Structure formats: C-alpha cells, structure tokens
Amino acid sequence: MFATVQDARTPVPTPVQPPADERRAIAWVGKSVIFKGELISSEDMIIDGRVEGTIEVHDHALTIGPAAEIQADIAARSVTIRGTVTGTITAANLVEIRETGSVEGD
C-alpha cells in the first residue's frame with residue numbers, strides 16, 4: 001500500500017456556501033426532537049416534533065406540523081396548526097387551525 005503526499009503548492013478546494021440572502025430562513029424542529037424549555041426564534045419556524053414550555057417567534061410565522069405535540073404557551077405573528085397544541089396561543093395577525101389540527105387552551 002502506498003500513501004501519496006499532496007504538494008503544498010496544490011490548492012485545496014474550499015466548499016462554496018450560498019450567499020446569506022439565498023440560505024433558508026426557516027428554523028425547523030424535526031419529528032424526532034423533544035424540546036423542553038424556552039424556545040425562541042428570530043425567523044419563521046416549523047415544528048414537527050414535541051415541545052414543552054414556551055415558544056416565542058414574535059415577529060414571525062410558526063407552523064405546527066401534523067405529527068407535532070405541543071404543550072406550550074405560544075407567541076408569534078401568525079400560527080398555523082396542523083398538529084396538537086395544549087396551551088395559550090397569542091398571535092398578532094392570525095391563528096389558523098387546519099383539518100388535522102387541535103387546540104386545547106386559549
């Protein structure tokens with residue numbers, strides 16, 4: 001077996017990242033995630049997992065996925081609920097409960 005040594009003058013390729021304005025601007029909590037505590041986001045958020053505590057996305061939209069289980073007080077610009085929420089929801093613009101969604105609380 002032979003090992004090769006790279007010449008120090010050979011450039012090493014660097015990964016190219018998209019410009020900041022092209023990156024995804026949505027935070028996501030996946031199905032396998034269980035979060036307990038205070039969840040605060042400065043961008044739109046989608047939650048597909050389980051959250052217990054508080055969720056704050058004051059100036060942004062929050063989407064609760066169909067498999068999500070939320071036991072939290074929520075504050076957001078708008079909230080779309082497709083999963084289960086237990087707690088108080090405060091929205092500046094809109095709270096939308098979709099066909100698969102349910103809310104127990106205020």
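Residues are numbered from 1 along each chain as its sequence is written. In this predicted model local features need pLDDT of at least 70, side-chain atom pairs count only at pLDDT 80 or more, while totals for chains, interfaces and linings use all residues, and side-chain values use heavy atoms, without hydrogens and water.

Let's start inside. A nonpolar core is a set of buried (under 20% relative accessible area, 1.4 Å probe, protein chains only) Ala, Val, Leu, Ile, Met, Phe, Trp, Tyr and Cys residues joined through side-chain atoms within 4.5 Å. The largest one has 19 residues, and those touching the most other members include Met45, Leu62 and Ile74. Strands E1, E3, E4 and E5 each give two or more residues to this core, with E5 giving the largest share, 6 residues. Strands are DSSP runs of at least two residues (E), numbered from the N terminus.

Leaving aside neighbours within four places in sequence, Leu62 is in contact (heavy atoms within 4.5 Å) with residues including Met45, Ile47 and Ile74. With neighbours left out in that way, Ile46 is in contact with Ile26, Ala27, Trp28, Val29 and Thr63.

Here are two residues that count as partly exposed, which means between 20% and 50% relative accessible area:

| Residue | Strand | Relative accessible area |
|---|---|---|
| Ile46 | E3 (residues 44-47) | 29% |
| Val95 | E7 (residues 89-97) | 39% |

The C-alpha atoms of Ile46 and Val79 are separated by 10.0 Å, although these residues lie 33 residues apart along the chain.

Definitions and conventions: Helix = DSSP H or I, 4+ residues; strand = E, 2+ residues; numbered from the N terminus.
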